[in-house]
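The report below goes through the fold, one of its helices, the nonpolar core and a loop position in turn. The sequence and structure come before the discussion.

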Amino acid sequence: MSLLRPQDQALWAEARPFLDVRNNDEHTLVAYGVAKALLAQLPEAEEDVVLPAILLHDLGWKRIPPDLLLEAIGRNPTRRDLVFEHERHSVVIARDILTRHGVGRVEEILAIIDGHDTTYDARSLNDAVVKDADKGWRTTPHGMRIIRGWYDWSLAEYIDMVTVVSNPRLLTAPGKAMGEGFVASLRAELELSNYMETGA
Ligand SMILES: [Fe+2]
Ligand SMILES: [Fe+2]
């Protein structure tokens, strides 16, 4: 079974040229996969809102100077203004794409894209699923590999970031379970040698 729904292929083709910065293309596809898994656990969430929103949520980074991107995110961001700015740009670009493709529920999708990083509460179940797919990406093998590479973080530093910055933002029960399971597995990995020494 392929990752993208047939009706999302055209949106992906439109989104791609905006996502070739900072691994946003890969981030978007992996977060889409996480969103599908969360949707399967949360039958009241609506894929026709969640999946277009996750596909188009980060288009606006393309309009932020690339040398400033890593200052807007990470453990101690200094350019939070750019986070608001990428959301506003994403809404403008996504509105154009959704309208041209005749996608329904445009305002609901755009309302989720607007504030996906800068609001912390669940404004609806659909909003919570998009937020958990986006932040939950950090608790995937792909997210860990990419983010550790950006900042040259050790495994312990990565666990600290996820524990302090990322997991507390997860909103749904399956999203929290994913995040906590991930951290628990990494912590166990760090302790493996304590239990595996011979002759001790
Ligand atoms: Fe974002
Ligand atoms: Fe994102």
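## Terms and model

Two residues are in contact if their C-beta atoms, placed from the backbone, lie within 7 Å. The model discussed here is a predicted one.

## Overall fold

The protein chain has ten helices and zero strands, so that, read from the N terminus, the order of its elements is α-α-α-α-α-α-α-α-α-α. Along its principal axes the C-alpha trace spans about 70 × 40 × 30 Å. For 200 residues, a compact globule would have a radius of gyration near 16 Å, and the 17 Å computed for the protein chain agrees with that expectation.

Of the 200 residues, 34% count as buried.

## Helix α2

Helix α2 covers residues 24-41, and because each of its 18 residues is taken to contribute 1.5 Å, with the span counted over one less than the number of residues, the helix should span 26 Å; its end C-alpha atoms lie 25 Å apart, which agrees.

The buried residues of α2 are Asn 24, His 27, Thr 28, Val 30, Ala 31, Tyr 32, Val 34, Ala 35 and Leu 38. The elements that cover these buried residues include α1 (9-15), α3 (47-56), α7 (125-136), α8 (141-151) and α10 (173-196).

## The largest nonpolar core

The largest nonpolar core has 31 residues, and those with the most contacts inside it are Ala 35, Val 50, Ala 53, Ile 54, Leu 56 and Ala 133. At least two residues of this core are supplied by each of α1, α2, α3, α5, α6 (106-113) and α7, while the largest share, seven residues, comes from α3.

Ala 35, one of the residues with the most contacts inside the core, is also listed among the buried residues of α2. Leu 56, another of those residues, touches Leu 11, Ala 15, Ser 90, Ala 94, Ile 97 and Ile 113, when residues up to four places away in sequence are not counted.

## A loop position: Ile 73

Ile 73 lies in the loop between α4 (69-72) and α5 (80-100). Ile 73 has 19 C-beta neighbours inside 10 Å and therefore counts as partly exposed, since a residue is buried if 20 or more other C-beta atoms lie within 10 Å of its own. The C-alpha atoms of Ile 73 and Val 83 are separated by 7.9 Å, although the two residues are ten residues apart along the chain.

How values were computed:
Residues numbered from 1 in each chain as written. Chains lettered and ligands numbered in written order. Predicted model: local features only at pLDDT ≥ 70, side-chain atom pairs only at ≥ 80, totals over all residues. Helix = DSSP H or I, 4+ residues; strand = E, 2+ residues; numbered from the N terminus. Buried ≥ 20, exposed ≤ 12 C-beta atoms within 10 Å, placed from the backbone. Core = buried A, V, L, I, M, F, W, Y, C linked by C-beta atoms within 7 Å. Rg over C-alpha atoms; globule rule 2.2 N^0.38 Å.
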